[in-house]
Amino acid sequence: MYFDERNMDYTNQTNSIDNNIYEIDTINIINNRNDNLFNAQEGLNKGNMFKELYDPYQNNVFKIEVNTKKDKLLLVIQKLEFKLIDLSLYLDINPNDKEMYLIFKETLEELKKNKEIYEKTYGPLCLENTTEQYNWPDDPWPWMMEGDNNV
Amino acid sequence: MFKYEKILEYPIDINKKDLRMAKLLYEQLGGANGEIAASLRYMQQRYTMPCKKGRALLTDIALEELNHVEIISSMIKALTKDATIKELKESGLDDLYASHNKGLYPQSSSSIPFKADYIAVTGNPLVDLMEDMAAEEKARATYENLMNLTDNPQLLAPLSFLRQREVVHFNRFKELYLEYKKKGY
C-alpha cells in the first residue's frame, strides 16, 4: 500500500498519483490554485499542505497506494479531510486570508460530494448519515484492516 | 461537543506482525510525549487562551491529536494481531498481557501508565504555548527514534506522516506565541 520513495525523485510521481485517484468517478471542483500549497494527495503523503513548512526526516517520502474501488474513494475523502484540517490550523491564526478561505470552502464542497457518494454505497461515516436501517454499528471500524472483522 | 467519523486521518495497512515495534509504539500512545498527553494538554489549556485565535488553534490541534491516538492504536492493534503467548513473552509484551490481556492500555513503551504529570496547564498563555512547542519537538524526536528502529514501509509511512504533523503544529504554536508576546499577554 505504501510506495517507498526514499532515494527517488518525488516530482516525477505526480502524474501517476492523479491518474490513480481520478480514474474513479469522484467529484473534483477545485478551481483555485495556490502555489504555496501541495495538492491534497501530495499533502496527505507528506503530512503537510504547506510547501514552506515541509521538513522531511532524512529522505523519507512515501506515497499511499490503494487498489480497491472502495479504498480509492476513501483515500479521496482522506486527502480532502486532511487538507481541511491543515488549512483550518492556518486559518485559525490567519482568519483574514480570503484566498485561503476560498480554497477551504471549495475543498469542503468537494469533500461533501465525495462523502455522499461513499456513504450511499458503503454506509455512514457519521452517525447522522445512517440510511434506511440503523447501520452505524456495522463493520468495519477504522482500526479494522480489510478482511479483519473478527476482532 | 465532539462528533466521530469512521475514518482514520491517515490510512493504516499493516499485514506483518511485529510485537517488538508494537511495544515501542506504546511510547507515542501513553508516554510522556505521546498523543494522549498532547490531546489532553491542548484540550485543557484552551480555556485560558486570551483570544479567539488561541481558543480555535488549541481546540483544533487537540482534536487532531485524538486522531493520532487512533492511528497509533490501530498500528499497535495490527502489529499484535494473532500474537501467541510465546511471541508476547519474547517481545516483552507479556507484562502488559498479565494485567490487560490484549487491551490497549494507555502506557509508555517501558510500561509506565499514562499520567497527567506529563502535561502542564499553567493558565498563562505564553507559558502554555512554550510548553506546547517543546512538546511538539519532543514528539518529533520520538518519531525519528521510532523511524530509526524499523525498516518496514508499512510503519515508516504513518510514522513519517505523524512526525510531519508535529512540525506543522510546532510552527503554528510558534506563530501564535510570537503574536501573544508582541501583544504583551
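This is a predicted model: local features need pLDDT of at least 70, side-chain atom pairs count only at pLDDT 80 or more; totals for chains, interfaces and linings use all residues.
**A guided look at chains A and B**

Visitor: In what order do the elements of chain A run?
Guide: Let's start at the N terminus and walk along chain A.

Visitor: What share of the residues in chain A is buried?
Guide: A residue counts as buried when its relative accessible area is under 20%. Chain A has 151 residues, and the buried share of them is 51%.

Visitor: What part of the accessible surface of chain A belongs to carbon and sulfur atoms?
Guide: The accessible surface of chain A comes to about 8100 Å². Of that area, the part belonging to carbon and sulfur atoms is 46%.

Visitor: Is Asn135(A) buried or exposed?
Guide: Asn135(A) lies in the segment after α4 (98-122) of chain A. Its relative accessible area is 13%, and the cut-off for burial is under 20%. Because 13% falls under that cut-off, Asn135(A) is buried.

Visitor: Which residue of chain B is in contact with Asn135(A)?
Guide: Within chain A, the side chain of Asn135(A) makes a polar contact of 3.0 Å with that of Thr131(A). Leaving aside neighbours within four places in sequence, Asn135(A) also touches Gly123(A), Pro124(A) and Thr130(A). From chain B, the contact is Lys6(B).

Visitor: Where is Gly54(B), and is it buried or exposed?
Guide: Gly54(B) sits in helix α3 (residues 52-79) of chain B. Its relative accessibility is 0%, so Gly54(B) counts as buried.

Visitor: What distance separates the C-alpha atoms of Gly54(B) and Leu176(B)?
Guide: Beyond four places in sequence, Gly54(B) is in contact with Met49(B), Leu176(B) and Tyr180(B). Along the chain, Gly54(B) and Leu176(B) are 122 residues apart. Their C-alpha atoms are separated by 7.2 Å.

Visitor: How many disulfides does a search of the whole structure find?
Guide: Let's look at two cysteines on the way. Cys126(A) is buried at a relative accessible area of 11%, and Cys51(B) is buried at 12%. Over all chains, the number of disulfides found is zero.

Note on methods. Residues are numbered from 1 along each chain as its sequence is written. Chains are lettered from A and ligands numbered from 1 in the order in which they are written. Side-chain values use heavy atoms; hydrogens and water are left out. Helices (H or I, at least four residues) and strands (E, at least two) are DSSP runs, numbered from the N terminus. Buried means under 20% relative accessible area, exposed over 50%, partly exposed in between (1.4 Å probe, protein chains only). Accessible areas come from the Shrake-Rupley method with a 1.4 Å probe; for residues, only the protein chains shown count as cover. Contact means heavy atoms within 4.5 Å. A polar contact is a pair of N or O atoms within 3.5 Å; within protein, one must be able to donate a hydrogen and the other to accept it, and residues adjacent in sequence count only if both atoms are side-chain atoms. A disulfide is a pair of cysteine sulfur atoms within 2.5 Å.
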